[in-house]
Amino acid sequence: EWIWPVNWLFNLAELPFREGTWLGAPCPIVSNGDGPEPLGPNTAATCWLLLSRKQPLTEFAAPDGRTVVFYTAMAIHTAERDLALREGITALLTRFHERKISEHWAKDRPSVA
């Protein structure tokens with residue numbers, strides 16, 4: 001019942017390698033399917049918002065020239081994803097800030113959209 005966040009972290013870490021792509025910056029959104037389904041059995045969140053703006057660990061330059069980006073994974077609702085797609089990520093982040101929403105997962109967090 002509570003292992004899904006860990007499984008998702010592994011899934012998100014593998015995604016660029018599995019798909020032969022990258023996550024993008026600064027705030028990619030990864031949905032759980034098309035017409036997203038809940039991320040786990042005890043949440044209404046359906047997507048991950050990946051935040052890369054946390055100091056001091058935003059990225060790491062590897063000795064071989066590759067850059068590793070560190071993200072904070074925040075579970076969000078479909079309506080919040082749609083708001084970000086429609087009005088931009090800044091609009092969503094502004095609503096989180098106005099409502100003092102933490103990026104830490106909260107089981108019953110209502111949507112800000």
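Contact is taken here to mean heavy atoms within 4.5 Å. The structure is a predicted model, in which local features need pLDDT of at least 70 and side-chain atom pairs count only at pLDDT 80 or more, while totals for chains, interfaces and linings use all residues. Residues are numbered from 1 along each chain as its sequence is written, and side-chain values use heavy atoms, with hydrogens and water left out. Helices (H or I, at least four residues) and strands (E, at least two) are DSSP runs, numbered from the N terminus.

The axes of α2 (residues 78–87) and α3 (residues 89–98) come within 6 Å and cross at roughly 130°. Such axes are lines fitted to C-alpha atoms, for helices over the stretch in contact, with angles running from 0 to 180 degrees between N-to-C directions. The two helices are therefore oblique to each other, since angles under 35 degrees count as roughly parallel, over 145 as roughly antiparallel, 65 to 115 as roughly perpendicular and the rest as oblique.

Helix α1 (residues 4–19) has 16 residues, which should span 22 Å at 1.5 Å a residue, and its end C-alpha atoms, 21 Å apart, agree with this. The expected span is 1.5 Å times one less than the number of residues. A kink of about 35° lies at alanine 13, shortly before proline 16; the bend at a residue is the angle between axes fitted to the seven residues ending there and the seven starting there. Trp4, Trp8, Leu12, Leu15 and Pro16 of α1 are buried, where buried means under 20% relative accessible area, exposed over 50% and partly exposed in between (1.4 Å probe, protein chains only). Their cover includes β1 (29–31), β2 (47–51) and β5 (72–76). Just after α1, glycine 20 takes a positive phi of about 65°.

The loop between β1 and β2 holds asparagine 32 as well as proline 36. Beyond residues up to four places away in sequence, asparagine 32 touches Trp8, Glu37, Pro38, Leu39 and Thr46. Its C-alpha atom is separated by 8.3 Å from that of tryptophan 48, 16 residues apart along the chain. Proline 36 is buried, at a relative accessible area of 13%. Leaving aside neighbours within four places in sequence, proline 36 is in contact with Ser31, Thr46, Cys47, Thr78 and Arg81.

Some residues elsewhere are exposed. In helix α2, leucine 85 has a relative accessible area of 65% and is exposed; leucine 85 and isoleucine 29 are 56 residues apart in sequence and 9.4 Å apart in space, C-alpha to C-alpha. Glutamine 55, in the loop between β2 and β3 (59–61), is exposed at 64% relative accessible area. Lysine 100, in the segment after α3, is likewise exposed, with a value of 74%. Although not a glycine, lysine 100 has a positive phi of about 55°. Most residues other than glycine have a negative phi.
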